[in-house]
Amino acid sequence: MDLTPQQPPGASGPEYSFDTDWPAPDAARPDPASLAEPPPPTMRTTLRRAAFGMVAGAVLVTGAVVAVPDDDKEAAPPVAGPVSRAMSATAAGSPAALADLRALVGDRQKWVGTHPSDADSWAVLGSAYVEVGRRAADPAYYTRAEQALKRSLDVRPGESGNTAAWVGLASLANARRDFVTARKWGETVRKRAPKEWTVYPQLIDAYNGLGDQKSAITAVERFTELRAGVPALGRAAEMYRDRGWREDALATAQDAANRAGTPAEKAACLTRLGDLAWERGEPKEAVAQYGSALRVEKGHHPALAGRARALAALGRTDEAVRDYQAALAKSPRPGYLLELGELYESLGLDGDSVGQYEKLRAALDRGKARGVDESLLLGRFEAAHGDADAAVELLRAEWERGHRSAAVADALGWALHRSGDSDGALEYAQRAVDSGGQNASYAYHLGMVQRALGDYGSARRRLEGALRTNPEFSPLDAPLAREALDDLGEPPAGGPADMRPPAPEPQAPQAPAPQAPAPQPPAPQAPAPQRQPAPGGGPAPGPAGPAPAAAVAQAPVQPSPAPAAAVR
């Protein structure tokens, strides 16, 4: 199959028009749908911009003159603004603060409004749209990202060196969970520019989404070779975690946190440490790490959601609800909506849980309308709370598309089990456990499938393993795992019956063997005739011959000597 993406067709008109008079980043955010195709500026707006440009130019010139230092004084370094901070973070491959990303978006929007032939700026704008959409859980940004990246390729094709736009398209495909397309764009860049380090994070995400662990490991190693630093350490820590190497994951993640330089980078590293602590079943340590991340970057929504998860495990459910709601206010991710709904359900708040599930469906519909594939999350939701048959259909289609990660295997196996096909579920549930690291939820699902199939010994081991890994891995499923273990009871004394040697079969008494008849004594023989001595006193003449048979029979038997080995 040809892996070289086709050059997107050129387009013109409102689809590529960007209003340079968009609001400032700190202003109230307008409806994203209304920003997808901004109207062309009016004459009044054009004149106002021209006047504003002259005034701004005068201010800049005046500032430049005032900023010239005296010859005998050293000039202080300029203070980095949000745009420069975002650009620096992007250049290093590190996360930027969401506010800085919004500032970068506003800056590039204005620039391309007056410089429409700047392919690099269009690529930067498109990539920034992707990241803002991902961080804010706003898929409307993905539509604008696609427009900006295609415009960049119209100005300068990727074959002419515009690999940044191709990398942006790979990032967009990953954000939409279209991992096949993401791999296609990423491998195109890698073939043309194998030392372009910016493409490797996108390849790592694509390979992980497809369940291609071998290629993902190779991409992490190559990324580390080309761009050693905090981002590469973070990717390595995640790779170790996915392989079940907890000690290596923890050491590498801690190293990344120690080296992090910016608040956004530090918060991301501390959140990763919190995630690792949570997965190890250490909710108190997780709460501490998430709290450190929030002190570094207030409102960091992955840390808020992670801390909510850990607080719920500690029984501090009111605080958990508070943190979930704060995270959703920052980023209404469907995953957060599902977790909060399940927490409500575990507390018996059925009305609140139903409300969250309705919001979840609405969020998934919005994402689908913007090209986001949320089949995995929707399938998980339907299998646990809705139509299991529909979940099977969704997840089978996902599997056939090539999305064969451990997460998809686990979700498909669980959906099959919930729909009544535990035989078909076993293969996928086992695959998820084998390739998904030490994941308590995967082990729980496999244990329940094995229990349904009557494999009680294996089921007991899996359920015990899930609870040993993380005793509170889910507010709904962890209690069910304990209940299932109680139903299975203790293993039989002496081990499973099929592992004990079979008892010997009783043998019937044998009849005594018939005795051989005793030998009869030989019949008496008539005495041999006496020979008369020969004349002269010599023996009587006659032929010499063997002794008589009777004499041989009556001769005593001499025992044969024992073998030398038998002599002690």
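**Figure 1. R177 in the loop between α7 and α8.** R177 sits in the loop that joins α7 (163–175) to α8 (179–192) in this predicted model. Helices here are DSSP runs of H or I with at least four residues, strands are runs of E with at least two, and both are numbered from the N terminus. R177 is not a glycine, yet its phi is positive, at about 60°. Most residues other than glycine have a negative phi. R177 counts as partly exposed because its relative accessibility is 21%. The classes are buried, under 20% relative accessible area; exposed, over 50%; and partly exposed, in between (1.4 Å probe, protein chains only).

**Figure 2. A137 in the loop between α5 and α6.** The loop in view runs between α5 (119–136) and α6 (140–155), and A137 is placed in it. A137 has a positive phi of about 55° and is not a glycine. With a relative accessibility of 23%, A137 is classed as partly exposed.

**Figure 3. E472 and its contacts.** E472 belongs to the loop between α24 (456–469) and α25 (477–488). Which residues does E472 touch, not counting those up to four places away in sequence? They are W278, A313, A478 and R482. A contact means heavy atoms within 4.5 Å. The C-alpha atoms of E472 and E279 are 9.8 Å apart, while 193 residues separate the two along the chain. E472 is partly exposed, so classed because its relative accessibility is 31%.

Figure 4. pLDDT is the predictor's confidence in each residue, from 0 to 100. Residues 1–79 stay under 50, and the model gives them 70 contacts beyond four places in sequence. Residues 526–568 also stay under 50, with seven such contacts. The mean pLDDT of the protein is 81. A value of 70 or more is reached by 72% of its residues.

**Figure 5. The whole protein as context for the close-ups.** The secondary structure comprises 26 helices and zero strands. Of the 568 residues, 39% are buried. Take the contacts between residues at least 6 apart in sequence: 55% of them join residues at least 24 apart. The protein exposes about 31400 Å², and carbon and sulfur atoms supply 55% of that area. Accessible areas come from the Shrake-Rupley method with a 1.4 Å probe; for residues, only the protein chains shown count as cover.

**Notes to all figures.** Residues are numbered from 1 along each chain as its sequence is written, and side-chain values use heavy atoms, leaving out hydrogens and water. Because the model is predicted, local features need pLDDT of at least 70 and side-chain atom pairs count only at pLDDT 80 or more, whereas totals for chains, interfaces and linings use all residues.
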